[in-house]
Amino acid sequence: MRLFTALWPPAEAVAALAAATAPAGEPPGWRAVDPATWHVTLVFHGEADAGVLARRLDGAAGGAPAPRLRIAGAGAFPGVRWAGVEADDPEALARLVAAAGGEEEAFVPHVTVLRRRRRPGPGADPHPPAPWASHRGPWWRPAEVLLVASEPARGGSRYRPVHRVSLAEPGS
C-alpha cells in the first residue's frame, strides 16, 4: 500500500486558496489538482505496512503541539506548481515532520495546485503562471496528522485516511 503522512487544511483555508488560484484555470499541458485533495505532505512512505507506521506515528506524534500554519506564496518542482505553507513556529513544524519519519532538512511545506499532464502536448506552457503567489491565507492549526493511502485513479490519485493521530493545542 502506498502511504504518506499529511496535514489537511480546513475548509476556509482551501476556499481562500481556491479563490486565489481561480484566475489560472488549467494552463495548456497542466491539470489542476482537486481542492478537496489539497494537503501538506509531511513524508511520503511509499509501499509500507500501515500498521507499523500507525504505531510509530502514535508514539512519535500523538499529543504533539499543533503548529500554526497558513498557505502563502508559490513555488515549483519539476512538473508541479504549488502554494507554499508558512508556520509561525517553523521548528514546531519540523518536529512534526521528524515525528512522521520525514527529513526536516529536505522538507518543503506546500500544497500541490497544478501537475503537468503525462502528455502535455505541443502547446504546453512550460512555466504556467501562479496568480496565488501573493496569496496569504488564514492561519489555522491542524487537529490531527493523517496516515493516508494513495490509490491510483483516473485523473489523479484517490486518498483514503487509514489512521489519525490527534495533536494538542500548544500550552495544553
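Tyr159 is partly exposed, with a relative accessible area of 26%; on this scale buried means under 20%, exposed over 50% and partly exposed in between, using a 1.4 Å probe and protein chains only. The structure is a predicted model, in which local features need pLDDT of at least 70 and side-chain atom pairs count only at pLDDT 80 or more, while totals for chains, interfaces and linings use all residues. Residues are numbered from 1 along each chain as its sequence is written, and side-chain values use heavy atoms, with hydrogens and water left out.

Tyr159 takes part in an aromatic cluster, which ring pairs build from Phe4, Trp8 and Tyr159. Rings of Phe, Tyr and Trp (its six-membered ring) are treated as paired if their centres lie within 6.5 Å; planes under 30 degrees apart count as stacked, over 60 as edge-to-face and the rest as tilted. By this rule there are 4 aromatic pairs. One of them joins Phe4 and Trp8 in a stacked arrangement, with 6.4 Å from centre to centre and 20° between the planes. Phe4 is buried, at a relative accessible area of 3%, whereas Trp8 is partly exposed at 26%. The ring centres of Trp8 and Tyr159 are 6.3 Å apart and the planes stand at 75°, so this pair is edge-to-face. It links distant parts of the chain, 151 residues apart: Trp8 is in the loop between S1 and H1, and Tyr159 is in strand S8. Helices (H or I, at least four residues) and strands (E, at least two) are DSSP runs, numbered from the N terminus.

The strands that carry these residues are connected through S7. Two strands pair if DSSP finds at least two bridges between them. Strand S1 (residues 2-7) pairs with S7 in the antiparallel sense over 4 bridges, and Phe4 has Val148 as its bridge partner in S7. S7 and S8 are also paired in the antiparallel sense, over 10 bridges; here Val145 has Val165 as its bridge partner in S8. The hairpin of S7 and S8 has 2 residues between the strands, and Gly155 takes a positive phi near 80° in it.

Charged side chains supply further links. A salt bridge is a side-chain nitrogen of Lys or Arg within 4 Å of a carboxyl oxygen of Asp or Glu, and the count by this rule is 6. One of these joins Arg164 and Glu144, at 2.5 Å from N to O. Arg164 belongs to strand S8 (residues 156-166) and Glu144 to strand S7, so that the pair links distant parts of the chain, 20 residues apart. Arg164 is partly exposed at 48% relative accessibility, as is Glu144 at 24%.

A salt bridge at 2.8 Å, N to O, is formed by the side chains of Glu26 and Arg117. The two residues are 91 residues apart, with Glu26 in the loop between helix H1 (11-21) and strand S2 (30-32) and Arg117 in the loop between strand S6 (110-116) and strand S7 (144-153). Glu26 is partly exposed, with a relative accessible area of 44%, and Arg117 is partly exposed at 37%. In the salt bridge of Asp88 with Arg68, the closest N and O atoms are 3.4 Å apart. Asp88 lies in the loop between strand S5 (80-87) and helix H3 (90-99), and Arg68 in the loop between helix H2 (50-61) and strand S4 (69-77), so the pair ties together parts that are 20 residues apart in sequence. Asp88 is partly exposed at 42%, and Arg68 is partly exposed at 29% relative accessibility.

His110, in strand S6, is buried, with 15% relative accessibility. The side chain of His110 reaches the backbone oxygen of Val108 at 2.6 Å. Contact means heavy atoms within 4.5 Å. With neighbours within four places in sequence left aside, His110 is in contact with His39, Val40, Thr41, Phe77, Trp82, Ala83, Gly84 and Val85.

The protein chain as a whole has 3 helices and 8 strands, in the order β-α-β-β-α-β-β-α-β-β-β along the sequence. The radius of gyration, taken over C-alpha atoms, is compared with a globule rule of 2.2 Å times the number of residues to the power 0.38. The radius of gyration of the protein chain is 16 Å, close to the 16 Å that the rule gives for 172 residues, so the chain is as compact as a globular protein of that length. Of the 172 residues, 43% count as buried. Among contacts with a separation of 6 or more, 78% are accounted for by residues 24 or more positions apart.

Conventions: Polar contact = N/O pair within 3.5 Å; in protein donor to acceptor, adjacent residues only side chain to side chain.
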